[in-house]
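Dear colleague,

Please find below the structure that I am handing over to you. My findings are set out after it.

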Amino acid sequence: MSKLIVASVSPGTSVQDIGRFGAQRFGLVPSGAVDRLAMATANALLGNPLFAATIELGPLNSVFTAKGGAVRIALAGALRPVEMAGTPVAVNTTVTLADGESLNIGVARTGSFGYLAIEGGVRGTPMFGSLAVNARAGLGSPYPRPLQAGDELLVPAAGATTEKRIDLPAPIEGQIRVVMGPQDDEFAQECKDLFLGSEWKISATSDRMGYRLEGPAIKHLHGHNIVSDGTVNGSIQVPGNGQPIVLMPDRGTSGGYPKIATVISADLGRFGQMQPGLPFRFKAITMAEAQTAYRAYAELLQSLPGRVHDSNILMLDIKALLQANVAGVAIDATDDATWQTAATDNGQ
Amino acid sequence: MVAVLPPPRLLPSGDAAITVEFSRTIDDNANRRVLALDELVASEALPAVTETVPTYRSLLVHYDPLRIDFDALGAKLMELALKPLPEAKAARRWRIPVAYGGENGIDLEDVAKALNITPDEVVTRHVAGDYKVAMIGFTPGWSYLSGLPDGMQMSRRQNPRLLTPMGTISIGGIQTGIQCIAGPSGWHLLGRTAVRTYQLGRDPTFLLRPGDAVTFTAVDEQTFKEQDRAAEAGEFVAELVTS
């Protein structure tokens with residue numbers, strides 16, 4: 001066994017997988033990764049099950065060090081500078097840390113969360129079928145709390161193998177799609193129009209329980225108290241001050257504020273990755289459209305293992321890759337010039 | 001003549017869950033229908049249904065949109081919701097010990113003042129109640145009980161407390177609550193119980209179920225402390241009166 005040592009870590013970093021299901025009726029929320037696509041991408045690169053536990057990285061710097069043997073990892077999610085022994089490492093590729101070597105992960109430039117997968121997965125004891133951290137409930141393994149400097153993860157020693165990259169399709173851009181309801185009838189039509197027609201920003205006080213939005217105040221027809229009912233990831237509840245809160249994977253399982261709309265499953269990860277302060281808009285779509293998007297998202301997840309290829313940076317045609325929109329592979333994340341060019345190409 | 005049940009509303013909660021809403025208010029009849037539908041959905045073992053969450057007035061049904069769409073599942077749920085209610089079964093009944101007042105229930109005096117009765121009378125009324133677990137939600141094991149006796153209803157605090165202790169027994173509106181883990185609360189704190197409605201490593205992890213009947217019994221501080229040690233070691237402390 002090798003170890004992956006947490007030398008230093010961004011706030012908001014915790015072990016997350018797909019989450020634990022079946023106990024929401026007892027008030028236990030599933031938790032799990034904010035961006036499932038990015039989590040599954042990191043796992044696919046290493047040949048892990050798509051929803052195996054990964055380290056969900058907060059937006060600031062982190063350093064992980066291999067000890068007692070080599071450790072093979074893959075990083076996906078937010079684009080950020082990463083280097084190992086002075087050599088840049090691209091997001092959306094695998095890399096092997098030799099014994100004693102460190103992976104230095106910089107501040108996220110786009111997005112909020114990174115996903116660090118370990119070959120063979122994170123070792124821990126599942127609780128209700130999951131390793132995902134839910135600090136409030138005292139759940140999560142190997143540590144039932146966010147990671148701290150000095151923590152150690154047991155990992156299988158890396159075998160000798162060719163490093164991998166992954167060809168991802170162009171990311172979905174633009175408005176965050178919602179299905180109206182369940183309590184949109186608690187709002188007058190002009191307030192729903194205001195909700196859908198306005199620019200919103202995510203507040204800096206957001207966390208894995210909920211993202212607070214800043215924008216025009218959305219008024220209720222009958223006051224802001226309803227009898228508590230069940231919530232889902234992406235529920236957009238409107239408290240008394242009229243500033244919506246989008247419920248995230250560590251939400252309460254029930255809530256007493258009217259929910260005007262729900263972010264569709266296919267856009268939840270993309271929404272969760274949006275940085276505080278950047279403007280965005282919502283767009284209402286029909287249930288049929290949302291469920292079509294759900295199927296497309298599920299197909300994309302299942303396609304990930306087939307998109308993994310041997311990495312051979314020398315043979316890469318950067319221009320062709322940019323045209324194919326595999327930004328995470330083609331871009332040297334430590335080089336502002338190339339990074340900004342590609343980011344502009346992506347309309348970000 | 002068989003009473004015709006009013007149909008529930010089918011509300012979309014995103015693309016992977018349906019809220020089956022029987023009422024907009026706290027209503028015992030609606031809650032009975034919620035729990036009856038919950039049992040029916042479980043007994044049908046619909047493969048597309050991944051999880052259900054009963055609340056006071058609605059059943060949230062999580063499902064896999066790859067296996068069924070909103071309209072098809074909605075039609076099935078409506079069919080089940082309109083079946084005649086089954087005969088009421090005898091519920092499991094728990095007796096839950098509470099240390100009222102003092103440090104355990106810092107709002108007892110204020111509640112007494114607001115209701116214009118003595119603190120002892122507040123306790124007398126609270127233990128006289130015959131309660132039902134209407135729902136469990138918000139945080140693990142947080143049990144919302146209906147059946148608060150008349151003359152005890154109080155609106156919630158203007159300023160919710162950010163941290164209230166584990167085991168807190170409180171009242172808010174027309175409900176009383178058993179809070180398991182420490183956390184925020186806007187309710188009025190009457191006392192604490194040693195009972196853990198949620199405890200890792202114990203079988204079962206969650207003690208109460210929606211539909212269970214509950215009564216409270218007053219214990220002194222010394223008994224509370226002894227029960228707290230026993231509960232920490234995995235004992236229920238709550239007494240199962242009937243099952």
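This is a predicted model: local features need pLDDT of at least 70, side-chain atom pairs count only at pLDDT 80 or more; totals for chains, interfaces and linings use all residues.

Chain A is divided into domain 1, residues 2-166, and domain 2, residues 176-303. The centres of the two domains of chain A, taken over C-alpha atoms, are 27 Å apart. Their contact involves 29 residues of domain 1 of chain A and 21 residues of domain 2 of chain A.

About 1700 Å² is buried between domain 1 and domain 2 of chain A, and carbon and sulfur atoms give 50% of this area. Within the area that domain 1 of chain A buries against domain 2 of chain A, Val29(A), Val34(A) and Leu37(A) supply 28%, more than any other three residues.

Glu56(A) forms a salt bridge with Arg208(A), with 2.8 Å between the closest N and O atoms. There are also 13 residue pairs in polar contact across the interface of the two domains of chain A, both residues being at pLDDT 80 or more.

On the side of domain 1 of chain A that touches domain 2 of chain A, at least two residues each come from helix 1 (36-46), strand 5 (71-79) and strand 10 (110-118) of chain A. Strand 10 of chain A gives the largest share of that side, 5 residues. By class, this side of domain 1 of chain A comprises 15 nonpolar, 9 polar and 5 charged residues.

Yours sincerely

Notes. Residues are numbered from 1 along each chain as its sequence is written. Chains are lettered from A and ligands numbered from 1 in the order in which they are written. Side-chain values use heavy atoms; hydrogens and water are left out. Domain bounds come from an automatic or database domain assignment. Contact means heavy atoms within 4.5 Å. Buried area is the accessible area (1.4 Å probe) that two parts lose on being put together, summed over both. A salt bridge is a side-chain nitrogen of Lys or Arg within 4 Å of a carboxyl oxygen of Asp or Glu. A polar contact is a pair of N or O atoms within 3.5 Å; within protein, one must be able to donate a hydrogen and the other to accept it, and residues adjacent in sequence count only if both atoms are side-chain atoms. Helices (H or I, at least four residues) and strands (E, at least two) are DSSP runs, numbered from the N terminus. Ala, Val, Leu, Ile, Met, Phe, Trp, Tyr, Cys and Pro count as nonpolar, Asp, Glu, Lys and Arg as charged, and the others, Gly among them, as polar.
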